[in-house]
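Hi everyone, thanks for making time today. Let me put the sequence and the structure on the screen, and then I'll walk you through a few spots.

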Amino acid sequence: MSDRLSMPPDAPDDADLIAALKAQIEAQQAIIDQQAASLAHSRKIFDRSSAAARIGVWECDLSDESLVWTDVVYDIFDLPRGSTPIREEALACYPEESVRELTKRRSKAIEDCTGFSLDAEIITFKGNRRWIRITATVESVDGVAVRIFGMK
């Protein structure tokens with residue numbers, strides 16, 4: 001005996017079921033497309049606001065010290081936008097006193113899962129001297145610091 005014969009008489013046939021599933025997928029795709037467009041618009045506004053204010057956003061994954069920078073951070077350090085920032089190379093831009101204070105505050109923030117703010121001098125990759133304000137916040141999972149991020 002086939003399963004078809006044991007189905008209730010008002011059960012949809014395969015074609016109806018497939019059509020309903022396709023309609024559901026199309027509706028979900030429309031929602032995804034709308035959310036993607038909204039996210040892209042928000043990102044565009046954020047990027048333009050960040051550039052106008054000359055405030056860059058950065059993050060550092062504490063598991064491997066990898067960095068992610070917005071365009072303004074690249075500009076602050078005189079690096080080509082989109083290049084791969086390397087933490088050790090960025091730290092080399094800070095004079096000894098600034099890097100010492102940055103290291104101290106960063107370590108304490110990571111240990112306490114808090115944050116910090118610091119005015120620090122840098123010498124960019126093109127040799128320009130600048131003072132920057134760094135703000136940072138630590139993200140933790142179950143009390144363990146996993147990421148530090150903020151603005152420059």
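There is one cavity of 30 Å³ or more in this structure. By cavity I mean, on a 1 Å grid over the protein atoms alone, a set of points where a 1.4 Å probe fits but cannot get out. Grid points are joined across faces, edges and corners, and the volume is the space filled by probe spheres set on the points. The largest cavity holds about 180 Å³ of space. It is lined by 15 residues, and W58, L67, R87, L102 and K152 are the closest to its centre; a lining residue has an atom within 4 Å of a point.

Before I go on, please keep in mind that this is a predicted model: local features need pLDDT of at least 70 and side-chain atom pairs count only at pLDDT 80 or more, while totals for chains, interfaces and linings use all residues. Residues are numbered from 1 along each chain as its sequence is written, and side-chain values use heavy atoms, with hydrogens and water left out.

Back to the lining. Which elements supply at least two residues each? They are β1, β2, α4 and α5, and α4 gives the largest share, three residues. Helices here are DSSP runs of H or I with at least four residues, strands are runs of E with at least two, and both are numbered from the N terminus. By class, the lining has 12 nonpolar, no polar and three charged residues. For that count, Ala, Val, Leu, Ile, Met, Phe, Trp, Tyr, Cys and Pro are nonpolar, Asp, Glu, Lys and Arg are charged, and the others, Gly among them, are polar.

W58 takes us to the largest nonpolar core, where it is among the residues with the most contacts. That core has 26 residues, and a core here is a set of buried Ala, Val, Leu, Ile, Met, Phe, Trp, Tyr and Cys residues joined through side-chain atoms within 4.5 Å. Elements giving two or more residues to this core include β1 (57–61), α5 (96–112) and β4 (129–141). Beyond its neighbours within four places in sequence, W58 is in contact (heavy atoms within 4.5 Å) with residues including V68, I134, F149 and K152.

Now the cysteines. C60 is buried at 1% relative accessibility, and C93 is buried at 4%. Buried means under 20% relative accessible area, exposed over 50%, and partly exposed in between, with a 1.4 Å probe and protein chains only.

C113 sits in the loop between α5 and β3 and is partly exposed, at 25%. E65, also not a glycine, has a positive phi of about 65°; E65 lies in the loop between β1 and β2.

Last stop, T70, in the loop between β2 and α3. Is T70 buried or exposed? T70 is buried, with a relative accessible area of 10%. Not counting residues up to four places away in sequence, T70 touches R43, F46, S50, G56 and V57.

Notes: 1 Å grid on protein atoms, 1.4 Å probe; cavity = no way out; pocket = protein on both sides within 12 Å on 5 of 7 lines; lining within 4 Å.
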